[in-house]
Amino acid sequence: DQQVKQNSPSLSVQEGRISILNCDYTNSMFDYFLWYKKYPAEGPTFLISISSIKDKNEDGRFTVFLNKSAKHLSLHIVPSQPGDSAVYFCAASDNNDMRFGAGTRLTVKP
Amino acid sequence: EAGVAQSPRYKIIEKRQSVAFWCNPISGHATLYWYQQILGQGPKLLIQFQNNGVVDDSQLPKDRFSAERLKGVDSTLKIQPAKLEDSAVYLCASSLARLAPSSYNEQFFGPGTRLTVL
């Protein structure tokens, strides 16, 4: 069951421009949403999160937006840097369970 | 602060063989998770421990997979016998104990063990 979907397997942007990664979910019981970043041969590392009671959370160059009515969240990276090139996983959590999307590979070109 | 440790990093076995993975969580983290990540997919939770007790193993294929965390610290995940479709990266993660049902504690992931079943 794909409760969390990332429909774009890859995204390529130019350095300095905005990267927008999207994620959709189906389970209305999810109350916490996260983005993880993964480099090759490493485990995912936490990037930013948002509670379901908020619609925006910002941390430096990274902003996560949540649209509960549409069951959609997005991650904005601005400005994008070459070091941001990685696979980004969207995840959603309820009380006990965390479900991950399949990931979007972001490539930031110099 | 030391991160989540996993070993081995890579393992190649033939189908029907057995294999075991080891994980040592961050010190003080009561909750430990094992995930399976198949190529092209996101991590899928196999089992979650709170100290030495199992919280959720609903997605663990119990006919061939087993996991234990006997002393509530490190953990092992075993596959016996392995199938071709078990080829994946096995990720271990840990977090502080959940304080309340509505709270969330960040999960810290280890580097994973890449298993190839031939």
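Trainee: Where does H76(A) sit?
Mentor: H76(A) is part of strand β8 of chain A, residues 72-77. Strands here are DSSP runs of E, at least two residues long, numbered from the N terminus. Keep in mind that this is a predicted model, where local features need pLDDT of at least 70 and side-chain atom pairs count only at pLDDT 80 or more, while totals for chains, interfaces and linings use all residues. Residues are numbered from 1 along each chain as written, chains are lettered from A and ligands numbered from 1 in the order written, and side-chain values use heavy atoms, without hydrogens or water.

Trainee: Is H76(A) buried or exposed?
Mentor: Buried, because its relative accessible area is 18%. The cut-offs are under 20% for buried, over 50% for exposed and partly exposed in between, with a 1.4 Å probe and protein chains only.

Trainee: What does H76(A) touch?
Mentor: Leaving out residues up to four places away in sequence, H76(A) touches I18(A), S19(A), I20(A), R61(A), F62(A), T63(A) and F65(A). Contact means heavy atoms within 4.5 Å.

Trainee: And which side chain does the side chain of H76(A) make a polar contact with?
Mentor: That of S74(A), at 3.4 Å. A polar contact is a pair of N or O atoms within 3.5 Å; within protein, one must be able to donate a hydrogen and the other to accept it, and residues adjacent in sequence count only if both atoms are side-chain atoms.

Trainee: You listed I18(A) there. Where is I18(A) found?
Mentor: In the loop between β2 (10-14) and β3 of chain A. I18(A) counts as partly exposed because its relative accessibility is 40%.

Trainee: Switching to the core. Which residues have the most contacts inside the largest nonpolar one?
Mentor: F33(A), W35(A), L73(A), L75(A) and Y88(A), in a core of 23 residues. β9(A) gives the most to this core, with four residues. A nonpolar core is a set of buried Ala, Val, Leu, Ile, Met, Phe, Trp, Tyr and Cys residues joined through side-chain atoms within 4.5 Å.

Trainee: What lies apart from that core?
Mentor: Another core, of 21 residues, with C23(B), I47(B), L60(B) and I79(B) among them.

Trainee: Now charges. How many salt bridges over all chains?
Mentor: Four. The criterion is a side-chain nitrogen of Lys or Arg within 4 Å of a carboxyl oxygen of Asp or Glu. One of them joins the side chains of D84(A) and R61(A), at 2.8 Å, N to O. That pair links distant parts of the chain, 23 residues apart: D84(A) is in the loop between β8 and β9, and R61(A) in the loop between β6 (56-59) and β7, in chain A. D84(A) is buried, since its relative accessible area is 2%.

Trainee: What about R64(B) and D86(B), how do their side chains meet?
Mentor: In a salt bridge, 2.5 Å from N to O. R64(B) lies in the loop between β6 and β7 (65-68) of chain B and D86(B) in the loop between β8 and β9 of chain B, so the pair ties together parts 22 residues apart in sequence. R64(B) and D86(B) are both buried.

Trainee: Last topic, backbone. What is the peptide bond from S7(B) to P8(B)?
Mentor: That one is cis, with omega near -10 degrees. The bond from Q80(B) to P81(B) is cis too, with omega near -5 degrees.
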